[in-house]
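Let's take a friendly walk around a ligand site and the annotated positions that go with this chain. Have the structure open beside you as you read.

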Amino acid sequence: LPSAQTDIATQATCDDAASCKRYAVQKGYWSDIHINYMVSGSMQKRQPEISRGYYARTEKIWNLISQFVSLTNNLCQIVSFGAGLDTTFWRLHSAGLLPTRYIEVDFQEIVYRKIRAIRNKSPLKGCLGSITSSDQSSLHCEKYHLVTCDLRDTGSLKDKLKSSEVDFSVPTLFLTECVLVYIPPEDSMAILKWCAESFTDAVFVNYEQVRMHDNFGQVMIQNLKARDCLLTGVHPCASLDSQIQRFTSAGWPCVSCDDMWTIYNSLPDRRRIERIELLDESELLQQLMEHYCLCVAVKDVSDIGLTDLHT
Ligand code: SAM
């Protein structure tokens with residue numbers, strides 16, 4: 001496929017993520033009062049395995065982010081690369097956990113849609129405070145910045161973050177939730193290196209597919225293709241070790257990585273959500289979750305306790 005078409009397929013993955021999250025929220029897996037304003041269209045039924053997978057991902061990332069904000073007494077930044085239609089900023093607002101600055105980056109098309117949703121829905125707009133500048137490709141508010149950038153262009157990424165008043169001396173959490181897998185390894189590496197080099201105290205949270213080379217992984221890829229939401233040029237790490245390896249060689253001193261089955265089984269609220277929809281058998285859930293992982297990399301020069309955030 002020509003690369004423009006590949007990019008369109010990649011961008012469509014954010015609709016799939018957002019509508020799976022909306023479905024799980026509506027079922028009661030977690031609460032998010034803003035997601036209905038961000039995602040439109042009719043609600044498509046999802047399998048319980050999918051909702052449990054989204055629950056594990058959202059809950060674990062939420063735990064890490066809220067711990068990070070609390071640990072820094074809200075004096076911190078969050079930078080979400082490939083943020084799509086994610087509503088974490090609004091969840092943090094509702095929880096009284098807003099950081100000093102929350103920056104989201106995505107392709108022009110997605111940013112444009114998100115800006116339109118925010119402008120048209122007062123419950124979304126109402127959380128932003130006063131808007132300092134806004135056009136079709138950026139929105140800058142006191143604590144929230146939404147900017148356009150192709151993440152494969154690290155030079156322009158740096159400029160976009162600077163235009164969002166990023167502060168290199170403030171503890172910063174970077175989030176890539178199902179994003180790096182769409183980016184060629186050398187470009188992902190450039191991002192990981194730049195983040196490690198430029199920020200004094202930082203955490204990088206990366207969630208994505210892993211071990212896609214086995215039979216189950218190949219079936220997953222076919223299913224995703226059938227749902228029309230990718231996939232040419234995906235670049236999954238082969239193993240948890242290779243995830244750790246790439247963060248280490250990008251200059252992150254402390255790295256941990258677990259698959260989502262391990263993480264799911266450690267979530268305290270798991271028993272509650274397992275009563276929402278019953279599963280005939282849990283083997284499929286386990287296989288699915290073993291093919292996703294969460295990697296947490298930490299650089300804590302000022303010794304503020306960021307290493308406690310390890311998985
Ligand atoms: N992080 C969001 C979430 O979990 O709900 C969205 C995930 S979606 C699967 C992947 C997102 O990464 C899409 O919004 C897509 O547009 C974005 N993305 C992928 N490659 C990108 C690139 N090269 N530059 C900017 N954004 C990119």
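## The shell around the ligand

In what follows, Ala, Val, Leu, Ile, Met, Phe, Trp, Tyr, Cys and Pro count as nonpolar, Asp, Glu, Lys and Arg as charged, and the others, Gly among them, as polar. Keep in mind that you are looking at a predicted model.

Sorted by these classes, the residues around the ligand comprise 11 nonpolar, five polar and five charged ones. The shell has 21 residues, and the nearest of them are Thr13, Cys14, Gly82, Gly84 and Glu177. Helix α1, spanning residues 3-27, supplies six residues, the largest share of the shell.

## Positions annotated in UniProt

An unreviewed UniProt entry carries the annotation "binding site" for Arg57, Gly82, Asp150, Leu151 and Glu177. These positions span 121 residues of sequence and are spread in space too, with C-alpha atoms up to 24.4 Å apart.

Gly82 sits in the loop that links β1 (77-81) to α4 (88-94). Is Gly82 buried or exposed? Gly82 counts as buried because 26 C-beta neighbours lie inside 10 Å, and the cut-off for buried is 20 or more. Leaving aside residues up to four places away in sequence, Gly82 touches Asp106, Leu151, Thr176 and Val179.

Asp150 belongs to another loop stretch, the one between β5 (144-148) and α7 (154-163). Asp150 has 15 C-beta neighbours inside 10 Å, so this aspartate counts as partly exposed.

Notes
Residues are numbered from 1 along each chain as its sequence is written. This is a predicted model: local features need pLDDT of at least 70, side-chain atom pairs count only at pLDDT 80 or more; totals for chains, interfaces and linings use all residues. A residue is near a molecule or strand if its C-beta atom, placed from the backbone, lies within 6 Å of it. Helices (H or I, at least four residues) and strands (E, at least two) are DSSP runs, numbered from the N terminus. UniProt positions are given in the numbering used here, feature names are shortened, and annotations may be inferred rather than shown by experiment. A residue is buried if 20 or more other C-beta atoms lie within 10 Å of its own, exposed if 12 or fewer, and partly exposed in between; C-beta atoms are placed from the backbone. Two residues are in contact if their C-beta atoms, placed from the backbone, lie within 7 Å.
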